[in-house]
Each structure stands twice: as structure tokens, then as C-alpha cells.
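Visitor: Hello! Could you walk me through this model, one question at a time?

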Amino acid sequence: MSGMSDRAPLDVGDARGQGRQQSDPVVAYTAELRAALVGPARVKSRMVAEIHDGLLDATDAYVGEGVPRAEAARRAVRDFGTVAELVPECQRELTVAQTRHTARAAARCVPFLLVCWALTRTAVGPAAAPLALLAAVSTVLAAVTLAATGGALARRFPSPRALPRVVAWTGTGASLGMAVATLALACTAFLTAQWPLLVLAGALSAASHAVLSTSVRVCRRCPAPAADPLDGTLPG
Amino acid sequence: MKTEAVRGHLDGLLLAVLEPGPLHGYAIITAVQERSGGALELRTGTVYPALNRLERLGLLESDWQSVGERRRRCYTLTDAGRRTLADERTAWQEFTAVIGAVLDAPSRTGTRTSAGSAPVRTRPAT
């Protein structure tokens, strides 16, 4: 964030920073908001930075009217609404963003799982079917979630409020399935002549687990969106 | 006008002020307040998550631009956003026409037929 560090740094880890945080209402507001929100780091960082910039713009506008800067910052913060008022609005959007992040992680697992399934089927035959099931679950999870939360379909139909929870726990199940598959493939590799195929399949399954498990962990931590009767007020 | 009354129309207001061209977050807030003559009470912080949501829905696009001495995220209406804005305007005009007709009803009572005449029933055309 160029241009903001001259007046209001967001990182306030040291004692000097903490003192400044307490004295600058804009920094204190932004830090409180950042601490209260859970979601994908990039999206959260962008949202908080935009709000911070908006507060600086509002402060500048008051200063331009002749208000002293400290009072101008207090008025800007007052106009924005309290952090408690703003957090549900921001968190609702971050929860959806995290849900989409998890859906994209599931989509990235699908090619790994398909190759994993093909290798395992070559080695052990129909016993590889659970891997095909994991690939199918990941595909459906990704497709349904991305369609329901963005683009034309989401403009026409409000996203179900339960969707983030469903995605978090379906993703958790799929991620655990991948971990179990990795373990099973590693154990089976010792018992068959085609162990190189199974070792490779196990590595792909482990990679899928690594990709998905990190995202679902954050997804489970995201608070469920609060009810908002005004959601979906736009015509489709 | 109270904050809660504005909230239900926030999406339409944001799309409308972006119709002439791209604006960054605080300029959008200023444009809404200027267009309303300062009559709208808006918790300005809530504009930012609303802009994020409209972008996710494909109604806005955004990118970082240098505005003055700072970099700011500027928002632009997409084609879908323009269509949605047109729908929003139509829906609002129909809504105000209907509510206006009901609210204005007492001034028209004098033109109605005399008391005791048969009630008027409306039926759909067949």
C-alpha cells in the first residue's frame, strides 16, 4: 500500500506502534476490524486496506473543510459506523470468499485424484473405486459452490445461508478421505509387485489432501453468515 | 432518510453513481451523498463490503489505479451491472407508482360514485 505508510501504518507490533494505534482512531479502527475478521488473507487484506484508505480520504475531506486532523479522523471513524456494525457485513462477504476459495482448492484436487485413480486401478483393479468417488465429490463441490456464489446464477438466486457450512464439512470429509487413501495406498504398496504405481498414487493423494485441508480449516473457522432479510434485493 | 431505509436500496444506489464512469470507494460514497443532497444517512463503512459483493456477482469490475498521491481500487460497471441497474430503475418506478397511487387515494375519493352504489369488481380480461 503505497502512500499510506507516511501517516498510518497498519502493522503495529512494537510498543511504539501500539502507542500510536491507541492515539490514532483510524489505525485503532482498522486494527480492531482486522482482528475481528476471518477469511482468505488476500481478500481480507484488500478489504481492510480499502476501508483504511476510505477513512484517510474521509479524514482529508474534513481537514479540507478546516477541521483539525485529530478531530477529522474521529469524525471519519464516526461516519463509517462502529466496528461492531461493520463486522457482520464484512464477515458475510469474507465467509463467501473463503467458501469459494475452498471450492477452487477442491477443483485443483480433481486432476490429481483422477490420475491417482487411474494408477491405482491399474495396480489393484476395482478396489480403486473410492478414489473415483473422491474425484466426483470434489468436482460437484467445486462446481455447485462456484455457481451458487458468483456470476449469473448467484445474481438470480440468493446463495443458501447454509452453503458455507456444507462446503466446510463436505470439504473436511473429502480431505479426510484423501488422507485415508494416502495411508491405504502406502500400506498396499508393500504387498504388491506394482508398488511404484501405488507409491506415485499415494503421493498424488497426499498432495490433494495438502491442497484441500488448509483451505477447509479456515472455512470451518469462518462464522456462518448472519441472517439478512435485505440480501438478494436486486432483480435477477 | 434513516440508515435502515437506505440499506435495502444500497446496491441500486451504488450501481447508479457508477453509471457515468469508474470511481473509487470514497468517491462513490461522496457521489451518493451529493446526489441525495445530503439527505441519506449512510454508514459509509458498509459501502465497501457491498462493493465487494457486487463485484463477486459480476456487476462491477475493479482494479488498482493511482488517484492523486495514493493508489485506490476503482470500480466500473459491467454490462450485467448496467442491465441490473435498468431493472432496478424499472422496479423502483413501478413500486413508487403503486405506493403513490395508494397514498394519493384520499384526494381522489371525491370523484368516486355516490355511497350505496354497487361495489366495483375487477376481473382479469379473458
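Visitor: Which residues of α6(A) are buried?
Guide: Welcome! Keep in mind that this is a predicted model. A residue is called buried here if 20 or more other C-beta atoms lie within 10 Å of its own. By that test, the buried residues of α6(A) are Leu131(A), Leu134(A), Ala135(A), Ser138(A), Leu141(A), Ala142(A), Thr145(A), Ala148(A) and Thr149(A).

Visitor: What covers the buried residues of α6(A)?
Guide: Look at the other helices of chain A, whose secondary structure comes to nine helices and zero strands. The cover over the buried residues of α6(A) includes α5 (83-124), α7 (151-156) and α8 (163-189) of chain A.

Visitor: Why should helix α6 of chain A span 30 Å?
Guide: Helix α6 of chain A runs over residues 129-149, which makes 21 residues. The expected span is 1.5 Å times one less than the number of residues.

Visitor: Which residue just after α6(A) takes a positive phi?
Guide: Go just past the end of α6(A) and check the backbone angle there. The phi is about 80°, and the residue is Gly151(A).

Visitor: How many residues of domain 1 of chain A are in contact with domain 2 of chain A?
Guide: First, find the two parts: the domain assignment gives domain 1 as 15-81 and domain 2 as 94-221 in chain A. Their centres, taken over C-alpha atoms, are separated by 40 Å. Contact is counted when C-beta atoms lie within 7 Å. On that basis, six residues of domain 2 of chain A meet residues of domain 1 of chain A, and the number from domain 1 is also six.

Visitor: What is the order of the strands in the open sheet of chain B?
Guide: Start from the edges: β1 (23-24) and β2 (60-67) of chain B each pair on one side only. The sheet has three strands with antiparallel pairing. In chain B the order is therefore β1-β3-β2.

Visitor: Which residue stands opposite Trp64(B) in β3(B)?
Guide: β2(B) and β3 (residues 70-77) of chain B run antiparallel and are joined by eight bridges. They form a hairpin with two residues between them, and Gly68(B) in the turn has a positive phi of about 65°. Across this pair of strands, Ser66(B) stands opposite Arg71(B). For Trp64(B), the residue opposite is Arg73(B).

Visitor: How much of the span 14-86 of chain B is helix?
Guide: UniProt, in an unreviewed entry, lists residues 14-86 of chain B as "domain: Transcription regulator PadR N-terminal". The end C-alpha atoms of this span lie 13 Å apart.

Visitor: How many charged residues has the side of chain B that touches chain A?
Guide: The contact takes 27 residues from chain A and 26 residues from chain B. On the chain B side, α3 (25-35), α4 (47-56), β3 and α5 (79-103) each supply at least two residues. Sorted by class, that side of chain B has six nonpolar and eight polar residues, and the number of charged ones is 12.

Terms used
Residues numbered from 1 in each chain as written. Chains lettered and ligands numbered in written order. Predicted model: local features only at pLDDT ≥ 70, side-chain atom pairs only at ≥ 80, totals over all residues. Domains from an automatic or database assignment. Contact = placed C-beta atoms within 7 Å. UniProt positions renumbered as here; feature names shortened; annotations may be inferred. Helix = DSSP H or I, 4+ residues; strand = E, 2+ residues; numbered from the N terminus. Nonpolar A, V, L, I, M, F, W, Y, C, P; charged D, E, K, R; others polar. Buried ≥ 20, exposed ≤ 12 C-beta atoms within 10 Å, placed from the backbone.
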